[in-house]
Every structure is written in structure tokens, then in C-alpha cells.
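Q: Could you walk me through this one? I'd like to begin with the overall layout and then look inside.

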Amino acid sequence: MERTIPKARTESTRPRLEPMLDLEWSQAIELPRTVASATKPSDIRRAWVHRAPEDLVVALYRASSGMHGEIPAPWWLRAVVEGRLESRELGFRIEDRICGLLGRRPGWEFVPWAADGESGYWEFMPSERGASGHSIPTTVLNTSRHDGWIDVLAAHSSTTPPPIAVGGFAGLRSRLGEFEAVR
């Protein structure tokens, strides 16, 4: 029996290796399973994007988003990359101030399982299935959409209403009675 020995690979048949940025980014934002029981934003800051040196996080985000456009990421990272927010730490402080305000008020609950890479959001539970019958409660979430960094989605039942841009922490605090009035 004659054996055929395969030809040696030439440059043209060599396998091409390319970086797997999608996988790397997915791992960078991945949170541990224990975050489901988180009661505040700081409880979910366990992913690589929260702990790694900020310059490395920004570089990986830029490389990953450069290939596919918008990718899942925390609001503060998008704002830092756009040059509109000074640092990740400032983003954390904004989230923590909101937590300090809403966490002490009755009816507000932190929801840690936001979209991939996001920082969670707050829901005003009395606005859900109250007298107005809404099935989705008033929601406060952070955003990079504007420099107030806070959006509110009014309680609703069907189509998501346009977000209400809130003028920062002071704006949220001053309008909280208005947002809590929907029940």
C-alpha cells in the first residue's frame, strides 16, 4: 500500500488568525451570576470594564466598536470615549448619588439585570398596576444621550414613551415628586 503524504502548507494555505474582538469584548462586560441579587449599582461593578485600567478599557472599546459600530457598553464608557465625561470614576459617583437618593425613598427598587454592559436602573414600583393600570413602572436610568446623564421613562403599558432628559442629579431630586405622582 502506498501512503500519500500531505503537502506542506504554503503561505497561501496557512490558516489566517484574526483577533476575536467580539468575544474579548463580551468577556470584558460579562458580570458574575451573583449580580442578580444586587441592590445598588456598586454591587454589579465586577466586570473587567469596571476594574481594569481605564485606558485599556477605552482602547478595547474603541477597537471593538470600530469594527461593528455601537456595541453593548456602560453609559459612562460611551460618554468617556466621546470626551463628554471625565472618567469612569465620575460615572460611578453619578450612579452612587442616584442610589443614595432613590435607595432611601419608599417604592424605588434597583434592577441589576439591564441590557448587556449596562449599569442597571431604578423602578418606581407603585406606578406599576396602580390606579392608572400601567404594566411598566416609571424607570430612572443613566444615559450618555445627553450631559445630564439621567433619563426617566414614564410609567406606561404599551409603546415605550420617549425618554425624559433630566438635568443631572439636582434635576432628578427636584422633579422626583412629579415622577412619583404617577400611580
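**Layout and core**

A: In this predicted model, reading along the sequence gives the pattern α-α-α-α-α-β-β-β-β-β-α.

Q: How many helices and strands is that?

A: The chain has 6 helices and 5 strands.

Q: What share of the residues is buried?

A: Of the 183 residues in the chain, buried ones make up 41%.

Q: Which residues have the most contacts inside the largest nonpolar core?

A: They are W25, I98, V140 and L172, and the core they belong to has 41 residues. Several elements each supply at least two residues of this core, including α1 (21-29), α3 (54-68), β1 (108-111) and α6 (168-180).

Q: And which element gives the most to it?

A: That is α5, which gives 6 residues to this core.

Q: Let's take I98 then: what is it in contact with, leaving aside its neighbours within four places in sequence?

A: With those neighbours set aside, I98 is in contact with G103, W122, V140, N142, I150, F169 and L172, and of these V140 and L172 were also named among the residues with the most contacts inside the core.

Q: Switching to α1, which of its residues are buried?

A: The buried residues of α1 are L21, W25, A28 and I29.

Q: Why do they line one face of the helix?

A: If you look down the axis of α1, its buried residues fall within an arc of 85°, and therefore they line one face of the helix.

Methods. Residues are numbered from 1 along each chain as its sequence is written. This is a predicted model: local features need pLDDT of at least 70, side-chain atom pairs count only at pLDDT 80 or more; totals for chains, interfaces and linings use all residues. Side-chain values use heavy atoms; hydrogens and water are left out. A nonpolar core is a set of buried Ala, Val, Leu, Ile, Met, Phe, Trp, Tyr and Cys residues joined through side-chain atoms within 4.5 Å. Buried means under 20% relative accessible area, exposed over 50%, partly exposed in between (1.4 Å probe, protein chains only). Helices (H or I, at least four residues) and strands (E, at least two) are DSSP runs, numbered from the N terminus. Contact means heavy atoms within 4.5 Å. The arc is that of the directions from the helix axis to the C-beta atoms.
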